[in-house]
Amino acid sequence: VQLQASGGGLVQAGGSLRLSCVVSGDIYSVDEMGWYRQAPGNQREMVATIRSGGLTNFGYSVKDRFTVSRDNAKRLVALEMNALKPEDTAVYFCNAHVIRRGYYAPREYWGQGTLVTVSS
């Protein structure tokens, strides 16, 4: 199972960016997908998650600025980030809970991380 993220980069404060992540491999189903981030010196924190049925959850600091969506057919999760702030600067990791073919329990997988830098 592989998670391939894209869309990071440099943006000015107040701008927008869109991250996307595609899950591939020998997969039976994908349950929860989402995004986490880690800034230098900080612990990894949850940004946004979305269940297969569409239920979402957001970190307090990004609520009302970020949206998360998924395309189940494409096994894709996207994060739309608006009104970006310098404190949003971090490496963003996509995450997915995947049930592989022939298995019954989901396992958590991580993407390689994509850097988002917000300049003031």
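Predicted model: local features only at pLDDT ≥ 70, side-chain atom pairs only at ≥ 80, totals over all residues.
Strands β7 and β8 pair in the antiparallel sense, over six bridges.

Leucine 17 stands opposite methionine 81 in β8, and the bridge partner of cysteine 21 in β8 is valine 77. Is β8 largely enclosed, or open? Five of its six residues are buried, so the strand is largely enclosed by the rest of the structure.

These pairings belong to an open sheet of four strands, in the order β1-β3-β8-β7, with antiparallel pairing. Which strands stand at the edges? They are β1 and β7; each has a single partner strand, so one side of each is left without a neighbour in the sheet. From one strand to the next, the twist averages 15°. As a general point, the side chains of a regular strand alternate between the two faces of the sheet.

I come next to the disulfide. A disulfide is, in general, a covalent bond between the sulfur atoms of two cysteines. A search of the whole structure finds one. Which residues does it join? Cysteine 21 is linked to cysteine 94, with 2.2 Å from S to S. Cysteine 21 lies in β3, residues 17-24, and cysteine 94 in β9, residues 90-100, so the pair ties together parts that are 73 residues apart in sequence. The link of cysteine 21 and cysteine 94 is right-handed, with 45° about the S-S bond. Both cysteine 21 and cysteine 94 are buried.

The next topic is the interior. In soluble globular proteins, nonpolar side chains tend to be buried together. Here the largest nonpolar core has 30 residues. Those with the most contacts inside this core are Trp35, Val47, Phe66, Leu79, Met81 and Tyr92. Several strands supply at least two residues each to the core, among them β1 (2-6), β4 (27-38), β5 (45-50) and β11 (114-119).

Finally, I would draw your attention to the aromatic rings. A pair of such rings is described by the distance of the centres and the angle of the planes. A search of the whole structure finds one aromatic pair. Tyrosine 36 and tryptophan 110 form this pair, which is edge-to-face, at 5.1 Å centre to centre and with 70° between the planes. Tyrosine 36 is in β4 and tryptophan 110 in β10, residues 107-110; the pair thus links distant parts of the chain, 74 residues apart. Is each of the two partners buried or partly exposed? Tyrosine 36 has 16% relative accessibility; because the limit for buried is under 20%, this residue counts as buried. Tryptophan 110, at 35% relative accessibility, counts as partly exposed.

Arginine 44 also takes part in this region. Arginine 44 lies over the face of tryptophan 110, at 4.6 Å from the ring centre. The charged end of arginine 44 sits over the ring of phenylalanine 93 too, 3.8 Å from its centre.

Methods
Residues numbered from 1 in each chain as written. Heavy atoms only, no water. Disulfide = S-S within 2.5 Å. Buried < 20%, exposed > 50% of the residue type's maximum accessible area, 1.4 Å probe, protein only. Core = buried A, V, L, I, M, F, W, Y, C linked by side-chain atoms within 4.5 Å. Pairing = 2+ DSSP bridges. Axes fitted to C-alpha atoms, helices over the stretch in contact; angles between N-to-C directions. Phe/Tyr/Trp six-rings, centres within 6.5 Å; stacked < 30°, edge-to-face > 60°. Lys NZ or Arg CZ within 6 Å of the ring centre and 35° of its normal.
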